[in-house]
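Work through these exercises with the sequence and the 3D view side by side. Try each task before reading its solution.

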Amino acid sequence: MANFNVILNTAGVREMLKSKEMEAICSEQAGMVMGRVGNGYKTDTHTGVNRVNAMVWADSYQAKKDNLDNNTLLKALKG
């Protein structure tokens, strides 16, 4: 077997993790989760210190109860 070393360009990786393209990918994934959970959930995508972040959360009382009783968000991530 051949041995080889991989040297990452850390500045390039950092730039990629904070890029608009990565934001679009994260937003798309959050949208897919939103499509599985139903009404009462919200999503947001923002660029943090190190990378783009996307989140989906239960916003209404009914959605919070649904998520508490059924693990709706966790199941939507797996689906």
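**Exercise 1.** Which kind of link do the side chains of K65 and D69 meet in?

*Solution.* First, some ground rules. The model is predicted, so local features need pLDDT of at least 70 and side-chain atom pairs count only at pLDDT 80 or more, while totals for chains, interfaces and linings use all residues. Residues are numbered from 1 along each chain as its sequence is written, and side-chain values use heavy atoms, with hydrogens and water left out.

Step 1. Recall the term: a salt bridge is a side-chain nitrogen of Lys or Arg within 4 Å of a carboxyl oxygen of Asp or Glu.
Step 2. Check the pair. K65 and D69 meet in a salt bridge, at 2.8 Å from N to O.
Step 3. K65 and D69 are 4 residues apart in helix α3, so about one helical turn separates them. Helices (H or I, at least four residues) and strands (E, at least two) are DSSP runs, numbered from the N terminus.
Step 4. Look at accessibility. Buried means under 20% relative accessible area, exposed over 50%, and partly exposed in between (1.4 Å probe, protein chains only). K65 is partly exposed at 41%, and D69 is partly exposed at 48%.

**Exercise 2.** How many salt bridges does the structure hold? Find the partners of E23 and K42.

*Solution.* 
Step 1. The count is 3 salt bridges.
Step 2. E23 pairs with K20, and their closest N and O atoms are 3.7 Å apart. The two sit 3 residues apart in helix α2, which means about one helical turn lies between them.
Step 3. Compare their surroundings. E23 is partly exposed at 21%; K20 is exposed at 64%.
Step 4. K42 pairs with D59, with closest N and O atoms 3.4 Å apart. This pair links distant parts of the chain: K42 is in strand β1, D59 is in the loop between β2 and α3, and 17 residues separate them.
Step 5. K42 is partly exposed at 43%. D59 is partly exposed too, at 37%.

**Exercise 3.** Which residues line the largest pocket? Which element gives the most to the lining?

*Solution.* 
Step 1. A pocket is an open set of points on a 1 Å grid over the protein atoms alone, where a 1.4 Å probe fits, with protein on both sides within 12 Å along at least five of seven lines; lining residues have an atom within 4 Å of a point.
Step 2. The lining consists of C26, Q29, A30, M32, V33, R36, A54, V56, L73 and L77. Elements giving two or more residues are α2 (20–37), β2 (52–58) and α4 (72–78).
Step 3. Helix α2 gives the most, with 6 residues.
Step 4. Sort the lining by type: 8 nonpolar, 1 polar and 1 charged. Here Ala, Val, Leu, Ile, Met, Phe, Trp, Tyr, Cys and Pro count as nonpolar, Asp, Glu, Lys and Arg as charged, and the others, Gly among them, as polar.
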